[in-house]
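Take a walk through this protein, one stop at a time. Keep the sequence beside you as you read.

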Amino acid sequence: MFPMGSFKTVHKYNVKPRLPKELDFLLTLANNIWYVWDRDALDVFRRMDRDMWDEIYHNPVALLGRINQQKLEALVEDESFMANLHKVKETFENYLKAKTWYKRKHGSEAGFNIAYFSLEFGLNECIRIYSGGLGMLAGDHLKSSSDLGLPLCGVGLLYREGYFYQYLNVDGWQQETYPDNDFANMPVQKVLDRDGKPIIVSVDLPGRKLFAELWHVNVGRTKLFLLNANIEINSAQDREITAQLYGGDTEMRIKQELLLGIGGMRALVAMDMNPSVAHMNEGHAAFLSLERARMLMREKSLDFQQAKRAVMASSVFTTHTPVKAGIDEFSPDMMKSYLGEFAHRELGLSQDEFLGLGRKNPFDPTEPFSMAVLALRMSHFTNGVSKLHGEVSRKMWKEIWPDVPEDEIPIGSITNGVHHSSWISYDMSTLLDRYLGPKWIEEPDSPEVWKRVAEIPYTEIWRTHERRRERLVAVSRLGLHRQLKARGATSSELKAAWEVLDPQALTIGFARRFATYKRATLIFRDISRLEALCNNPDRPVQFIFAGKAHPRDVEGKELIKTIITLANRPTLRRRIVFLENYDMNIARYLVQGVDVWLNNPRRPLEASGTSGMKVTFNGGLNLSVLDGWWCEGYQFNNGWAIGAGETYADTNYQDEVESRGLYRILEDEVVPIFYNRGTDGLPRKWIDMMRESFRTLCPAYNTHRMVKEYAESFYLPAFRISKDLEPEGYRKAKDLAAWIKRLYSVWNRLRVGQAVLEKPGELKIGDSMQVTVPVYLSDLTPDDVTVQILHAPLDAEGRLTGGTVLELAVSGKGPEGSYLYKGVLACQTSGSHGFAARVVPNVKRLNHRFEPGLISWG
């Protein structure tokens, strides 16, 4: 490599592949990630040069650039290849023009479009801008949005190095390297303006501007837009902002998030794509809400509170983090440095007003600025990613809504899913085609479709699954051989690598981020029991591990080292393998080939988890703690549960109890069921569980169901509410802001009087009673408020447990200027019950359930 100072000027140019005219479509296909989830399209590239395809990590653009001209000419003469190419072209064109679910169900609403912001996207292994589950989900979200025809685009960052490449040294300690992404040879393209020039946007940083160039990836019908700061107009320091995903310090993170949120919005506007709904996938993108407010203030002459109401109505926030330590927070000084001038000049806010947007307690000057709190305060539509995670999130963030009961905190849940076509194996998808027809691809969320798995013969479903296990074992051996060779292993060690694992043995997979709460080493807690499982001559069990620890997570690296050390024991060497550099390619082999997917986090620290969902589409079974999605998915006969949903204060005791439970399940249930074969050699009870897993889990845990839920529960309602605010220069938004300002100014003078209960002497189920609540509204009117009673069973300490809300109607004036509110309370269950009266702002005027601080109880 020449030193940078050797030349005054380097003249740059790009060279594109030269294809015979008959193969022109290959360039279109290579630049659309649709090929990832179409079997025939993948086969086109694989057939061109199988070895090269694997070598370049399934990158079709690089393939077209490397393959020699003679081979391309030969392909034109290959009738079979050309027939397949024409078939794929026809399929692709039909896909793009087909009438989609969105058009069939909802027609087309003028102006409706969604922007989905995420710090990472997992689309394919050749586009290394992802780290783990958050990125996998984001990529699958885009793919299903494309399949369903939802008018959605993605917004993210284009990282020069992406997430790190992992390798282990001779001691089993994780090392990291950061190879550069070669954008010119990837399925990413620059976005050009009408004059053919790159679109560049800017974001203010302290004392300077940061510029970013816009690129895009075609994802079927959908586009993903990516900002790249590695351009010459920026300083060397600022060019590093889009170098690494999750690299650098807190200051690097705030710069990345400013570019994502504010820069991302400006990029969309520069392309005339200002979204009507914005979805923040985790709090990283929350600064977009400030930029949307700034734009409305400038374009519609609104003040911040008025603009805020419009932004809130059209914003969606999904939180993925069940622990506060995982939330991005910035110090007040850092926020003032990076956004103080923006807040004052563009938003008209004082420093305290601005910082309060990111604080649970807006009046606590010592509290840091939380991106999750900003997103929660600026979004009407918020959710966790499983039902349990919704509960955890309501508990985490209840301080934002003081005096609101925890189970009414306005954070819902939409459980994650996976893009089925991207993760299912060729063998299994071919089998499902034969017995389920094409509807399992088109309507994966239909329970009726998946009932037909009962028609698949035992032999066919088992042989299909066995082929994938055999393939996984072969790939694992090859991977281990390469790892050992890179570490300088001896010839005998390299030879032994070809003998690890047994293609016929029960194979358990564990692959995920190596965070301590995921407890990767739980299965190693009792080595003697583990050795007995692995070395049973008639019923052997084997394990394949993979996963990365964050470069600064020493404890996570220690877990990997522990596994490597134990796996090197002579008694375990042939039964336990750790595969380096866990990524989408390795993940695909694992979820397609394992018999059992092991997941044992500390409940409730797994927000959702999606890897186990991918396993279900391939016939694997889950063995998991009842955390995340498995709380909803587990049904006794479709997998196994470790424990019964307990939580523990003593983590060491928890590990002991749950490791014993894990061993017991393996010894008494998993292993016997797997190896209990009939005369035909088939484990029929196991296959029955596979069928039940297909039937119960596949229709529920796919991103088609998930994206439909987002569309119908969040996106479309958000669009319609926000459109209602727009007429007459956002007159309703202005009125709403003025009304809420007035509520805050007088709310503390409102008082709820003593409720009066008119009831018969003895209450029985089916009886009812009238409740009257006097409310002293002071300067407010009945039109300003909603009066409710919350009624529920009582616990042993006389507290309401859960509850149902009954809205009361104003019936006239009472004494001392009060208003009387009445309602009829029905007795539906026996036992000890109670109720409490409360007043909240008029829910019909508010458009959402609770305004922080505006609730009064009697």
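**A walk through the model**

At 7% relative accessibility, Thr 415 counts as buried, because buried means under 20%. Keep in mind that this is a predicted model. Thr 415 sits in the loop that runs between β14 (412–413) and α17 (420–423). Its side chain makes a polar contact, at 2.9 Å, with the side chain of Glu 632. Other contacts come from elsewhere in the sequence. Leaving aside neighbours within four places, Thr 415 is in contact with residues including Val 385, Ser 386, Trp 629, Tyr 701 and Arg 705.

Val 191 lies between β5 (189–190) and β6 (200–205). Is Val 191 buried or exposed? At 9% relative accessibility, Val 191 counts as buried. Residues up to four places away in sequence are again not counted. Val 191 then touches Lys 197, Pro 198, Ile 199, Leu 214, Trp 215, His 216, Phe 225 and Met 271.

Next come two helices. Helix α24 covers residues 554–567. At 1.5 Å a residue, its 14 residues should span 20 Å, and the end C-alpha atoms are 20 Å apart, so the two values agree. At the start of α24, a side-chain oxygen of Asp 553 reaches to within 3.3 Å of the backbone nitrogen of Glu 555. Among the buried residues of α24 are Leu 559, Ile 560, Ile 563 and Ile 564. What covers them? The cover of the buried residues includes the strands β3 (165–168), β4 (174–177), β16 (541–546) and β17 (576–579), along with helix α23 (527–534).

Helix α29 (residues 684–697) also has 14 residues. From first C-alpha to last, α29 reaches 20 Å, close to the 20 Å expected. α29 is mostly covered, with 10 of its 14 residues buried. The buried residues include Trp 686 and Phe 694, and also the charged Arg 691 and Glu 692.

The last stop is a pair of helices. Two packed helices are described by the angle between their axes and the distance between the axes. For α30 (residues 703–725) and α31 (residues 727–746), the axes come within 6 Å and cross at roughly 110°. That makes α30 roughly perpendicular to α31. Where do α30 and α31 meet? Lys 723, Asp 724 and Leu 725 in α30 meet Pro 727, Tyr 730, Arg 731, Lys 732 and Ala 733 in α31. The residues of this contact divide into four nonpolar, no polar and four charged.

Val 191 and Arg 731 are 540 residues apart in sequence, and 36 Å apart in space, C-alpha to C-alpha.

Terms used
Residues are numbered from 1 along each chain as its sequence is written. This is a predicted model: local features need pLDDT of at least 70, side-chain atom pairs count only at pLDDT 80 or more; totals for chains, interfaces and linings use all residues. Side-chain values use heavy atoms; hydrogens and water are left out. Helices (H or I, at least four residues) and strands (E, at least two) are DSSP runs, numbered from the N terminus. Buried means under 20% relative accessible area, exposed over 50%, partly exposed in between (1.4 Å probe, protein chains only). A polar contact is a pair of N or O atoms within 3.5 Å; within protein, one must be able to donate a hydrogen and the other to accept it, and residues adjacent in sequence count only if both atoms are side-chain atoms. Contact means heavy atoms within 4.5 Å. Axes are lines fitted to C-alpha atoms, for helices over the stretch in contact, and angles run from 0 to 180 degrees between N-to-C directions. Angles under 35 degrees count as roughly parallel, over 145 as roughly antiparallel, 65 to 115 as roughly perpendicular and the rest as oblique. The expected span of a helix is 1.5 Å times one less than its number of residues.
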